[in-house]
Amino acid sequence: SASPMAVCTYCKSTLVRDGETLRRIGQSAAFFSDHSPLLLGARGKHGGRPFTLVGRVQMAYTTPGEDTDGLWSEWHALFDDGDSAWLSEDNGGYVLSTAWAPADGQPMPAALNLRVSAGESLVLGGQPWVVGSIVMARVQAAEGELAFKPDFKNAFKLLELRNTRDEVLSVDTSEQPPRLYLGRKVVLDALGLSGLADLGQPSEGQVKAQGIECPSCGASVEPRLSESRSITCGACKSVIDISQGLGKDLKHYTQENGLEPLIPLGRTGRLKVDGQVGDWQVVGYQERVEVPGDPQGESEQTFWREYLLYNRQRGFAFLVDAEDGWSVVRPVTGVPAGQGSKLQYRGTAFKQTFTYPAKTTYVLGEFYWPVRKDQRSLNIDYVGTGGNAKVRLNREKTGQEVTWSLGQTVDSAEVIQAFGLHELPEDRFKRDARVWSGSLWGEVNWVSAFYWAAIVIFIIWFMVKCSDNCSSVADQYGSNSLEYQQCRQYSSSGGGYGSGSSHGGSYGGYNSGGFHK
C-alpha cells in the first residue's frame, strides 16, 4: 500500500496507482543479468529493524564530456514499520540510503543548479560537502515495487556529495525540488540477509570460465562477478565492455601483451583488510604507468601493478605492487578533513607526497568499472605522519568522479604467505619499501645523505674522467680534428650514461616515493 508504482516480474508491465485502482502505463525494459546475490523477497535487518527487498531499478549513466558509461543497480528495501531505504552499489561496495531533507527547510544551494565539477566544495543543510561525482542518469529497467514513479525516457543530472563523516548524499534532479538520499556504507553479511542467490565464491578455474563470444577472436568468455563491467578475453587479451549488457555488438579493444601477474587470477589469499582478516580472491589485474610530463617535472616514469581482490560479503579491495612496496587499499565512502597538503582522516594526520597523472596500460580478468583504453586519472598521494607512516591515502580523479582510497603497507613475506606463492623466488616480491614523509629527504638520516652525496660525486668524477679518454688523440691530431670528434662521440655512447637507461623492468624505475592506488 505504500508503493506508488510496481513492475510485474512476469510480463514487465509497469503499473501505477490511480486512486484505488492500478493503471498500466507501459513495459519496463529487460534487466541486464548481473549475477547479483540479491533477490526480491530477501530479508534482512539494519539497526535492529527488519526489512524486505521489494523492488529494484537498474540505472544507466553517462559522464558529461567523457567517454564513460555503465550501469548500476539499486534495491528498494521496505522496513516492516513502513519506512523505505535504498541498497545500492558504491565503488565496489554497498551503501544503504534513506530520504533526507536539509535542517530547518533550508533551500538547495544555487551551486547545484549551476555547472559544478567533481572535487568542488559546497554547503547544504548547514553542512560542508564535496562533490564526488556528476553523471547523466536514467532508469533503464525496473522490477517489483518502488517508492517513486520512474521516468524511463528522460535522463537527469545525478550528483553524489560526500563528507568527513563517511556519508554520501545523492542529489536526484529528475524532480524539482531534487530528491535527496543520505547513505552510509554497509557490509552485506552485517545485514543478516536471507533468501539470497546461492552463487558462492568463484573457484580459481571459474574466473577463466567459458561463456559469451569474444567480439575480437570468437573465444568463449563468461562474467562470474555480479559487479563486473569489463572483462578480458583469456585467448586474445581483448578488453570487453559489458557495462551495457551482454549484447552482440559489445565494445572492445585489443591490447599488447603485458606482464604475467605474480599472483594468478582466481587465487585466494587470507589478508587483513580494514582491520579484519578474511579470504580475498584475485579477480582482476592491471598495469599502470605515470604519464610523462607530470606536474612535478620528473622525466622518469614510474610503473606499478594492481590486483583487484574480491570478497563475497565485503566487496572489493586492491593489492598494490609498487616500487616502494606492497599495500592493501580500499575505496572509502567519505572524504578527509582539511585541504592542501595536510589532511585528517579517521584520526590520522596525513601529509601530501606526490601529484601525478597516470594511465592504465594492460588489464586481465574482471573489473567493477568500465575499463577504457589508456584510461587516465590524476592522482595525489598522502602518507600518515608521526607513528602512522605505514598508512596511506590517495585521491584519484577520473573525468567527473573523485575517489578517495585508504590503505596500509604490507610486507612482501605476508603476500607470499597469504596467497601460497612459495614456489616463486622471494626476491621477485621484494621492493624498495622506503617511506618518505612529506618530502624526499624527510626521513633520511645524515649518514644516508652523505652516502648518496658520495655516489653523486663519484659519478661526476667518472664523467669528467671519461671526457679525458681522448686527450691523447687530441694531442696527436688536434682538438678540432675528425679523429678527436669521433673518439669523443664513441666514448660518450659507449659508456651508456644518459642514453637508453632502464626504467626498472616490471615494477618501476625511478623511486618517486609515492603510493599508487
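Visitor: How many helices and strands make up the secondary structure of the protein?

Guide: The secondary structure comes to four helices and 29 strands. Helices here are DSSP runs of H or I with at least four residues, strands are runs of E with at least two, and both are numbered from the N terminus. Residues are numbered from 1 along each chain as its sequence is written. You're looking at a predicted model, where local features need pLDDT of at least 70 and side-chain atom pairs count only at pLDDT 80 or more, while totals for chains, interfaces and linings use all residues, and side-chain values use heavy atoms, with hydrogens and water left out.

Visitor: What is the average pLDDT of the protein, and which elements have the lowest and highest means?

Guide: pLDDT is the predictor's confidence in each residue, from 0 to 100. The protein averages 76, and 68% of the residues score at least 70. Among its elements, strand 4 (residues 43-46) has the highest mean, 95, while helix 4 (residues 482-495) has the lowest, 49. Two stretches deserve a word here. Residues 433-448 have pLDDT below 50, and this stretch has 26 contacts in the model beyond near neighbours in sequence (a contact means heavy atoms within 4.5 Å). Residues 490-517 are also below 50, with 71 contacts beyond near neighbours in sequence. Where pLDDT is low, the predicted coordinates should not be read in detail.

Visitor: Why does E167 count as buried, and what does its side chain contact?

Guide: E167 counts as buried because its relative accessibility is 6%. E167 is found in strand 12 (residues 167-172). For its polar contacts, look for a pair of N or O atoms within 3.5 Å; within protein, one must be able to donate a hydrogen and the other to accept it, and residues adjacent in sequence count only if both atoms are side-chain atoms. The E167 side chain makes one with the side chain of N163 at 2.8 Å, and another, of 3.3 Å, joins it to the side chain of R165. Leaving aside neighbours within four places in sequence, E167 is in contact with residues including W129, L182 and T333.

Visitor: W129 is on that list. How is the aromatic pair of W100 and W129 arranged?

Guide: A pair of aromatic rings is described by the distance of the centres and the angle of the planes. Rings of Phe, Tyr and Trp (its six-membered ring) pair if their centres lie within 6.5 Å; planes under 30 degrees apart are stacked, over 60 edge-to-face, and the rest tilted. The structure holds 14 such pairs. W100 and W129 are edge-to-face, 6.2 Å centre to centre with 70 degrees between the planes. This pair links distant parts of the chain, 29 residues apart: W100 is in the loop between strand 8 (93-99) and strand 9 (121-124), and W129 is in strand 10 (residues 127-146). Both W100 and W129 are buried. Elsewhere, Y310, F316, F318, F367, Y368 and W369 form one aromatic cluster.

Visitor: Which charged ends sit over rings?

Guide: A charge sits over a ring if NZ of Lys or CZ of Arg is within 6 Å of the ring centre and within 35 degrees of the ring normal. The charged end of R49 sits over the ring of F79, 4.2 Å from its centre. R179 does likewise over the ring of F148, at 4.3 Å.

Visitor: Is I240 buried or exposed?

Guide: I240 is buried, with a relative accessible area of 0%. I240 is in strand 17 (residues 239-241). Its C-alpha atom is 6.7 Å from that of L250, 10 residues apart along the chain. Not counting residues up to four places away, I240 touches several residues, L250 and C214 among them.

Visitor: What is the phi of D274?

Guide: Phi of D274 is near 55 degrees, a positive value in a residue other than glycine. D274 is in the loop between strand 19 (268-273) and strand 20 (276-290), and counts as partly exposed at 48% relative accessibility.

Technical notes. Buried means under 20% relative accessible area, exposed over 50%, partly exposed in between (1.4 Å probe, protein chains only).
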